[in-house]
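Student: I would like to learn how to read a model like this one, feature by feature. Could we go through it together?

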Amino acid sequence: MKKTFGEKIKALFSKKSSVTEQFYEELTDLLVEGDVGAKAAFEIVDELEEICSKNKIKEENQIIEELKKILLSYVQQIDLKPEPEHQNVWMVLGVNGVGKTTSVAKLAKWFMNHGTDNVVLASADTFRAAAIEQLAMHGEKIGVRVVSHQHGSDPSSVVFDAAEALKAKGPGLVLADTAGRLHNKENLVRALQKFD
Ligand SMILES: Nc1nc2c(ncn2[C@@H]2O[C@H](COP(=O)(O)OP(=O)(O)O)[C@@H](O)[C@H]2O)c(=O)[nH]1
Ligand SMILES: [Mg+2]
């Protein structure tokens, strides 16, 4: 079976000749493979290398503890919960390819497994031809309703219809996939304000 990210890290640390230049290179590769991002992976490993050399840390367990501390400093926690008595409408924004559509499906599954029965996905990326199909496939896989219109249609009307579909069954959560937008391009995000 394919090793998980955590298992690969453990395997790397349990190698005999742990702390060599190659060890740090392999750790960098593992972090990149584990979706950390190349820039952050280099920063993390540089920091680890510096701390370990400064404090003469050679013990495997101590290195793991230092790595954990560094990784934790990168983690941001937010308490994301739909308000239970309300119809919540959440939009997922971000540049192309960042994982919006996938995250919409993951969030839906997570909230469905954690007490939100009424979940509707809104296929509001009407810009990219395959996006509607992509979300429909995810929806089918996780057993959640997906509201979509034609390719090229007005995204806010998709969200409106999804909110109506949600409302018919009471409180719950609409998760709206959107077309890739630079969230710092205010005018593009503003075009979505109709969703309110
Ligand atoms: N490795 C990895 N790939 C991901 C993850 N989330 C999405 N992807 C992949 O990244 C690509 C873009 O994801 P997508 O959800 O379509 O991004 P969008 O353009 O923001 O909607 C797809 O090939 C996904 O399978 C993730 O958490 N890890
Ligand atoms: Mg997408």
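Tutor: Gladly! Let's start with Thr-126, which sits in the loop between β2 (119-124) and α6 (131-142); helices (H or I, at least four residues) and strands (E, at least two) are DSSP runs numbered from the N terminus. This is a predicted model, where local features need pLDDT of at least 70, side-chain atom pairs count only at pLDDT 80 or more, and totals for chains, interfaces and linings use all residues. Residues are numbered from 1 along each chain as its sequence is written, chains are lettered from A and ligands numbered from 1 in the order in which they are written, and side-chain values use heavy atoms, with hydrogens and water left out.

Student: Is Thr-126 buried or exposed?

Tutor: Buried means under 20% relative accessible area, exposed over 50%, and partly exposed in between (1.4 Å probe, protein chains only). Thr-126 has 5% relative accessibility, so it counts as buried. Its side chain also reaches the backbone oxygen of Ser-153 at 2.7 Å.

Student: What should I look for in a helix such as α6?

Tutor: An α-helix has 3.6 residues a turn, so residues three or four places apart point the same way. In α6, the buried residues are Ala-131, Ile-132, Leu-135, His-138, Gly-139 and Ile-142. They share one side of α6, because they cover an arc of only 130 degrees around the axis (taken from the directions from the helix axis to the C-beta atoms). Glu-133, Met-137, Glu-140 and Lys-141 are exposed on the other side of α6.

Student: Which residues of α5 are buried?

Tutor: Lys-100, Thr-101, Val-104, Ala-105, Ala-108 and Phe-111 are the buried ones in α5. Their arc around the axis is only 145 degrees, which puts them on the same side of α5. On the other side of α5, Lys-106 and Asn-113 are exposed.

Student: Which helix gives the largest share of the shell around ligand 1?

Tutor: Helix α5 (residues 100-113) gives the largest share of the shell around ligand 1, four residues.

Key
Polar contact = N/O pair within 3.5 Å; in protein donor to acceptor, adjacent residues only side chain to side chain.
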